[in-house]
Amino acid sequence: MFDKFQNNDRMLMLFFIFLVLAGPILLAPLGAGYPDLLQRFCIFGIFAIGFNILFGLTGYLSFGHAAFLGVGSYSAVWMFKLLTMNVIPALILAVVVAGLFSLLIGYISLRRSGIYFSILTLAFAQMSFSLAYSVLTPITNGETGLQLTLDDPRILDAANTSGGLPSTNFFGLTMNSTSKLEFFGMVFQFNVGFYFCAVMLILAFYLAMRIFRSPFGLMLKAIKTNQNRLNYTGVNTRPYTLAAFVISGMYAGLAGGLMACTDPLAGAERMQWTASGEVVLMTILGGSGTLLGPVLGAGFIKYFENIFSKINESVLHGWFSFLPDGLEDLIVWVLHFFVGKGWHLTLGLLFMMVVIFLPGGLLQGAANIIDWIRGKKQSSSTQISNPNSMPAE
Amino acid sequence: MDAILLQILNGLDKGSAYALIALGLTLIFGTLGVVNFAHGALFMIGAFCVVTLQKILNISTVAIDPTTVDFLGNPLKVKTPYIVNWFGEAAGSAIINWSVPLAILFAIPVMLFVGYAMERGLIKHFYKRPHADQILVTFGLAIVLQEIIKAFYGANPIPTPAPEIFRGSFDFGVWIGMAENAVIYPYWRLVYFAFSAIIIGSVFAFLQFTTFGMVVRAGMADRETVGLLGINIDKRFTIMFGIAAAVAGLAGVMYSPINSPNYHMGMDFLVLSFVVVVVGGMGSLPGAVLAGFTLGILESFASMNEVKGFFEAMYLPSIDQIIIYLVAIIILLVRPRGLMGRAGVMEE
């Protein structure tokens with residue numbers, strides 16, 4: 001199923017647009033049809049797509065991408081404070097600043113490759129976190145986080161007379177306005193913020209697809225396959241990797257800007273390296289190096305985070321109440337480590353499982369299952385590139 | 001002069017922790033070629049060995065003491081640890097008092113086992129996989145270990161006090177013939193430094209002066225040839241992994257009185273230890289130790305009020321938070337291989 005779509009980009013694109021735009025309707029039966037979660041799907045989808053351009057195509061594993069997300073958030077909030085509550089200037093600034101920041105970090109980190117690169121980006125991200133958390137307090141407002149206040153200048157907006165904080169808007173359309181539609185007992189919520197993020201996600205996806213199919217994308221894949229050989233043939237790979245790094249940094253900046261658009265505040269915790277780890281996880285889980293994978297991974301993780309965090313012991317007792325008492329207590333005792341606050345444990349285990357058994361991610365798994373149903377051999381499987389196919393060295 | 005000495009001393013304890021963790025990381029990297037993102041978790045498990053031992057030692061019998069009553073007139077419950085019942089009042093409370101040093105004995109077998117199990121159970125299967133996979137799987141393992149500890153011990157730091165005679169501070173300046181009250185230094189930090197110096201020394205001595213260490217060093221230089229000589233090098237490397245885990249664990253055990261163990265302490269130290277390893281030069285043991293102490297001392301110098309004030313005038317308050325990263329960047333720009341790195345390590 002997926003491999004056919006890979007051959008036919010137009011179909012994939014239409015399929016993707018349909019999935020995203022119909023999200024509020026498709027996901028409502030799953031209990032995920034509310035705007036806040038849908039926005040997070042889109043935002044982290046963009047973040048993961050951007051990360052995939054670096055990791056999936058060039059194989060450079062960055063552990064510091066959350067720094068760019070945070071930078072994007074901060075610049076967007078500053079734009080809301082100083083210029084206008086319209087989201088467009090905020091997003092432009094977020095992307096530009098994140099791009100410049102990633103140019104700086106990329107220029108230094110890309111001097112090394114492999115593990116060195118991962119560690120360097122990790123160190124940079126942690127440094128940015130410390131900068132935002134304490135050193136640059138005048139700009140970032142330290143631990144409290146950057147927030148809107150009533151007396152911000154906002155020089156382009158009309159004077160604020162309402163007495164409350166203004167909300168972000170897209171040329172007058174407020175981001176958090178929602179129209180509800182009831183249908184067969186289900187409530188479908190159509191939210192402006194979500195559709196704005198959705199359009200951004202579709203644009204981001206389209207751009208990523210063009211990059212994947214372009215000569216530039218091919219060059220990046222060549223770098224992943226065998227950088228030495230490229231160097232020996234006289235190609236300077238540095239500009240290509242740097243360009244990929246900056247592009248993915250700009251994607252992260254866009255995601256951070258959108259985060260600020262849906263909820264206008266920015267905090268340092270967005271830049272912590274666990275946040276960088278999360279995007280790595282999303283990409284790997286979905287399938288790095290594939291187009292749809294990162295978006296799927298992001299949706300999967302955010303969805304299950306939402307579901308699992310809500311389950312507590314009494315819910316578990318409700319589920320297993322048909323069992324004899326002792327057995328019920330035992331099962332609930334075992335399971336309570338994995339739900340609620342223990343969601344991260346589940347996530348960690350899931351992550352390890354995927355890395356160990358399914359290095360191609362969920363898409364690879366789906367392809368394997370489809371092949372198995374069709375009774376084909378594994379070897380003739382799919383076009384989905386296996387990120388672990390290492391070249392002969 | 002005394003201010004400088006004080007800062008050097010203050011930097012020693014953090015520097016020792018960095019050096020010990022970085023030493024373990026480098027050992028694992030040098031022998032097995034794996035970057036272990038779960039090494040911080042090993043440090044944390046070491047610290048939680050102390051917590052566990054403390055809990056075990058404090059398991060108590062509860063008796064009702066009819067002679068004393070609380071303000072409602074109910075008799076008070078008196079807890080007596082079993083240890084006190086068994087060994088008598090003096091010996092029992094001394095054992096509880098010395099639980100941190102005792103935890104060393106408890107932690108060594110635990111850490112050796114954890115390291116051995118980790119290498120045989122998981123990391124063994126990743127030697128032929130790309131480096132990115134090794135990073136990812138150890139990162140996942142770090143999350144899992146951290147969350148397990150959190151599930152059993154809670155998210156709050158658990159205080160683990162040092163033995164009573166090592167609590168408080170002493171006048172270090174008087175020892176070396178300076179004026180009184182010039183250099184006041186906590187006892188335990190000196191103990192920590194001495195302990196880590198001993199550990200570092202014994203690791204180097206072990207590698208340098210024993211046959212086992214000689215084989216391991218040979219294996220680090222050329223694994224294949226050592227294998228061809230009929231030596232089971234894999235087994236020795238597994239043992240080295242266990243030793244590296246024990247080094248990280250012991251660093252955690254002794255650090256627990258300085259910083260109460262909490263579940264994310266490993267992650268906090270891991271990032272800085274990576275910086276230390278990279279600055280020292282990947283795969284170089286002396287480099288790791290040197291860079292660990294240098295960066296620890298540097299950090300403490302940056303937290304001096306004079307230095308802070310200087311940077312604050314340049315609109316960079318609390319420079320001590322980022323000084324390590326800044327220095328690391330500069331060193332890597334000037335010497336990309338780190339302070340003592342060799343050519344050809346991790347340069348594919």
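Which hand does the crossing of α2(B) and α4(B) have, left-handed or right-handed?

## Basis of the model

This is a predicted model, in which local features need pLDDT of at least 70 and side-chain atom pairs count only at pLDDT 80 or more, while totals for chains, interfaces and linings use all residues. Residues are numbered from 1 along each chain as its sequence is written, and chains are lettered from A and ligands numbered from 1 in the order in which they are written.

## Helix packing in chain B

The crossing of α2(B) and α4(B) is right-handed, a crossing being right-handed if the near helix is turned clockwise from the far one by less than a right angle, and left-handed if anticlockwise. Helix α2 (residues 39-57) and helix α4 (residues 99-121) of chain B pack at an angle of about 125°, with their axes 8 Å apart; axes are lines fitted to C-alpha atoms, for helices over the stretch in contact, and angles run from 0 to 180 degrees between N-to-C directions. The two helices α2(B) and α4(B) are therefore oblique to each other, since angles under 35 degrees count as roughly parallel, over 145 as roughly antiparallel, 65 to 115 as roughly perpendicular and the rest as oblique. Residues of α2(B) including B:Leu42, B:Ile45 and B:Leu53 meet residues of α4(B), among them B:Val100, B:Phe106 and B:Met111, where contact requires C-beta atoms, placed from the backbone, within 7 Å. By class, this contact of α2(B) with α4(B) has 14 nonpolar, three polar and no charged residues; Ala, Val, Leu, Ile, Met, Phe, Trp, Tyr, Cys and Pro count as nonpolar, Asp, Glu, Lys and Arg as charged, and the others, Gly among them, as polar.

Helix α11 (residues 265-280) and helix α12 (residues 285-302) of chain B pack at an angle of about 120°, with their axes 8 Å apart, and that makes α11(B) oblique to α12(B). The crossing of α11(B) and α12(B) is right-handed. On the α11(B) side B:Val276, B:Val277, B:Val279 and B:Gly280 take part, and they meet residues of α12(B) that include B:Ala288 and B:Leu295; the classes in this contact are seven nonpolar, three polar and no charged.

## Overall form of chain B

Chain B has 14 helices and four strands, where helices (H or I, at least four residues) and strands (E, at least two) are DSSP runs numbered from the N terminus. Its radius of gyration is 23 Å, close to the 20 Å that the globule rule gives for 348 residues, so chain B is as compact as a globular protein of that length; the radius is taken over C-alpha atoms, and the rule is 2.2 Å times the number of residues to the power 0.38. Of the 348 residues of chain B, 46% count as buried, that is, with 20 or more other C-beta atoms within 10 Å of their own, whereas 12 or fewer is exposed and in between is partly exposed, with C-beta atoms placed from the backbone.

## Two individual residues

B:Ile64 lies in strand β1 (residues 60-69) of chain B and is exposed, with 10 other C-beta atoms within 10 Å. Leaving aside neighbours within four places in sequence, B:Ile64 is in contact with B:Pro75 and B:Lys77.

A:Phe300, in helix α14 (residues 293-310) of chain A, is partly exposed, with 18 other C-beta atoms within 10 Å. Not counting residues up to four places away in sequence, A:Phe300 touches A:Leu285, A:Gly286 and A:Leu362.

Key. Contact = placed C-beta atoms within 7 Å.
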